[in-house]
Amino acid sequence: YFSRTRRSLEHYFPQANADGKENRPNATQINCLGNYAMIGSNINSSGSNWEPHTKVHHYLDDHSGKVRHVSVASLKFLVMLQTCKDRGKWLNEEIQFHQDKMLTILNDREKL
């Protein structure tokens, strides 16, 4: 089920910064399940070119760790925020890690 408020496809690592330098993803690498999340379109347009660590500080409350904006509150996006916060970055390794994790969850779900 997708909420009507979360129907915009977010690139957690922004498309504008995908240059393939210094372990950053290139334009092809960012277009994958590991870098996508569904969020509200108003939130997506306001932070679309922000660096991943900027999104952590903008969307997560520093004290509680809870998301500040209701329209970003998809579980997948929260996992991405937390991974970026925990690892201190969101580059190729984190994108691939997240994608593998999501594919494992989807594959396990198919077995039910």
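In the predicted model, serine 8 stands opposite isoleucine 39, a residue of strand β2. The two strands concerned, β1 and β2, pair in the antiparallel sense over 4 bridges. In a regular strand the side chains alternate between the two faces of the sheet.

The side chain of histidine 11 is joined to that of asparagine 31 by a polar contact of 2.8 Å. When neighbours within four places in sequence are left aside, histidine 11 is in contact with Ile30, Asn31, Asn35, Tyr36 and Lys55. Lysine 55, one of these residues, also has its charged end over the ring of tyrosine 12, at 5.3 Å from the ring centre.

Between β2, which spans residues 36-39, and α1, which spans residues 41-46, lies a loop that holds glycine 40. Glycine 40 has a relative accessible area of 0% and is therefore buried. Although glycine 40 and glutamate 10 are 30 residues apart in sequence, their C-alpha atoms are 8.9 Å apart in space.

In soluble globular proteins, nonpolar side chains tend to be buried together. In this model the largest nonpolar core has 17 residues, and those with the most contacts inside it are Tyr12, Phe13, Val56, Phe77, Leu81 and Trp90. At least two residues of this core are supplied by each of β2, α2 (52-59) and α3 (75-87), and the largest share, 4 residues, comes from α3. Tryptophan 90, one of the core residues with the most contacts, touches Tyr12, Phe13, Gly34, Asn35, Pro52, Met80, Thr83, Cys84, Ile95 and His98, not counting residues up to four places away in sequence.

The structure also holds 4 aromatic pairs. The ring centres of tryptophan 50 and tyrosine 59 are 5.9 Å apart and the ring planes stand at 45°, so this pair is tilted. Phenylalanine 77 has a relative accessibility of 0% and so counts as buried. Through ring pairs, Tyr12, Trp50, Tyr59, Phe77 and Trp90 are linked into a cluster, and among the members of this cluster, Tyr12, Phe77 and Trp90 are also named with the most contacts inside the largest nonpolar core.

A further arrangement of a charged residue and a ring involves arginine 87, which lies over the face of phenylalanine 97 at 4.3 Å from the ring centre.

Definitions and conventions. Residues are numbered from 1 along each chain as its sequence is written. This is a predicted model: local features need pLDDT of at least 70, side-chain atom pairs count only at pLDDT 80 or more; totals for chains, interfaces and linings use all residues. Side-chain values use heavy atoms; hydrogens and water are left out. Buried means under 20% relative accessible area, exposed over 50%, partly exposed in between (1.4 Å probe, protein chains only). A polar contact is a pair of N or O atoms within 3.5 Å; within protein, one must be able to donate a hydrogen and the other to accept it, and residues adjacent in sequence count only if both atoms are side-chain atoms. Contact means heavy atoms within 4.5 Å. Two strands pair if DSSP finds at least two bridges between them. A nonpolar core is a set of buried Ala, Val, Leu, Ile, Met, Phe, Trp, Tyr and Cys residues joined through side-chain atoms within 4.5 Å. Rings of Phe, Tyr and Trp (its six-membered ring) pair if their centres lie within 6.5 Å; planes under 30 degrees apart count as stacked, over 60 as edge-to-face and the rest as tilted. A charge sits over a ring if NZ of Lys or CZ of Arg is within 6 Å of the ring centre and within 35 degrees of the ring normal.
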